[in-house]
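Here are my notes on the model you sent over. Please read them with the structure open.

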Amino acid sequence: MQTDPLSAKFSALADPTRRAILARLSEGEATVGELAEPFDMSFAAVSKHLKVLESAGLISRSREAQWRPARLEPMALKGVADWLEHYRRYWDASFDRLDAYLKKIQKGDPSGPRN
C-alpha cells in the first residue's frame, strides 16, 4: 500500500526510537553500530528503524568500503514543517484573540462576560 510522502514521514516520526536516531544524525552521519549504542536492541532492529526512515526520505545511506553510514536529509523535514506552520499560525492567532479578550475582561469592558 502506497502512502503519500507526508503520511510516510509522520508515520516514521511517530516512533520515539526513530526520533532519537534522527536527533543523533542531526549531529553528523553515523553507522548502524554507532546508532545502536544508546539502545538496548540488536543491530538488526536498528537497521529496521533505518529502513523506515530511509523509505520516508528522512535519511540516506551510502556505502564506504564495508561501512554504510546514515545521514539526515534535513530538506525532507521541510514538508512536515510547512504543514505544521499552517497550524502554528492558527494557534498563534487564537491565543492572540484570547489574550485580547482577557485584557478586555480585566478592564471591565461591558462586552465581556458577566458573573
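**Notes on charges and surface patches**

1. At 43% relative accessibility, aspartate 82 counts as partly exposed. This value, like those that follow, comes from a predicted model. The partner of aspartate 82 is lysine 78, and the two form a salt bridge. Their closest N and O atoms are 2.9 Å apart. Lysine 78 is also partly exposed, at 40% relative accessible area. Both residues lie in helix H5. They are 4 residues apart, about one turn of the helix.

2. Arginine 89 forms a salt bridge with glutamate 85. Here the closest N and O atoms are 3.6 Å apart, which falls within the 4 Å cut-off for a salt bridge. Arginine 89 and glutamate 85 are 4 residues apart in helix H5, so about one helical turn separates them. Arginine 89 has a relative accessible area of 47% and is therefore partly exposed. Glutamate 85 is partly exposed too, at 26%. Salt bridges with shared partners join Glu85, Arg88, Arg89 and Asp92 into one network.

3. How many salt bridges does a search of the whole structure find? The count is 6. As background, side chains of opposite charge can pair when their charged atoms come close.

4. Which residue forms a salt bridge with arginine 71? The partner is glutamate 29, with the closest N and O atoms 2.6 Å apart. This pair links distant parts of the chain. Arginine 71 sits in strand S2. Glutamate 29 sits in the loop between helix H2 (16-25) and helix H3 (32-36). The two are 42 residues apart. Arginine 71 has a relative accessible area of 25%, so it counts as partly exposed. Glutamate 29 is partly exposed as well, with 38%.

5. Lys48, Lys51, Arg63 and Arg68 form a positive surface patch. Arginine 68 is placed in the loop between strand S1 (59-61) and strand S2 (70-72). Its relative accessible area is 32%, so arginine 68 is partly exposed. Patch members need over 30% relative accessible area and no salt bridge.

6. Is histidine 49 buried or exposed? Histidine 49 is buried, because its relative accessible area of 12% is under the 20% limit. Histidine 49 is placed in helix H4 (residues 43-55). The side chains of histidine 49 and arginine 18 are joined by a polar contact of 3.2 Å.

7. Next, the nonpolar surface. A nonpolar patch is formed by Phe10, Trp83, Leu84, Tyr87, Tyr90, Trp91, Phe95, Leu98, Tyr101, Leu102 and Ile105. Together these residues have about 1100 Å² of accessible area. Which element gives the largest share of the patch? That is helix H5 (residues 78-106), with 10 residues.

8. Phenylalanine 10 also belongs to the nonpolar patch. Its place is in helix H1 (residues 5-13). With a relative accessible area of 30%, phenylalanine 10 is partly exposed.

9. When you go back to the model, please look at helix H5 with both topics in mind. Helix H5 carries the pair of aspartate 82 and lysine 78. Helix H5 also carries arginine 89 and glutamate 85. The largest share of the nonpolar patch comes from helix H5 too.

Conventions: Residues are numbered from 1 along each chain as its sequence is written. This is a predicted model: local features need pLDDT of at least 70, side-chain atom pairs count only at pLDDT 80 or more; totals for chains, interfaces and linings use all residues. Side-chain values use heavy atoms; hydrogens and water are left out. Patches are made of residues with over 30% relative accessible area and no salt bridge: like charges are joined within 9 Å, nonpolar side chains (Val, Leu, Ile, Met, Phe, Trp, Tyr) within 5 Å. Accessible areas come from the Shrake-Rupley method with a 1.4 Å probe; for residues, only the protein chains shown count as cover. A salt bridge is a side-chain nitrogen of Lys or Arg within 4 Å of a carboxyl oxygen of Asp or Glu. Buried means under 20% relative accessible area, exposed over 50%, partly exposed in between (1.4 Å probe, protein chains only). Lys and Arg count as positive and Asp and Glu as negative; His and the chain ends are not counted. The place of a charge is taken as NZ of Lys, CZ of Arg, CG of Asp or CD of Glu. A polar contact is a pair of N or O atoms within 3.5 Å; within protein, one must be able to donate a hydrogen and the other to accept it, and residues adjacent in sequence count only if both atoms are side-chain atoms.
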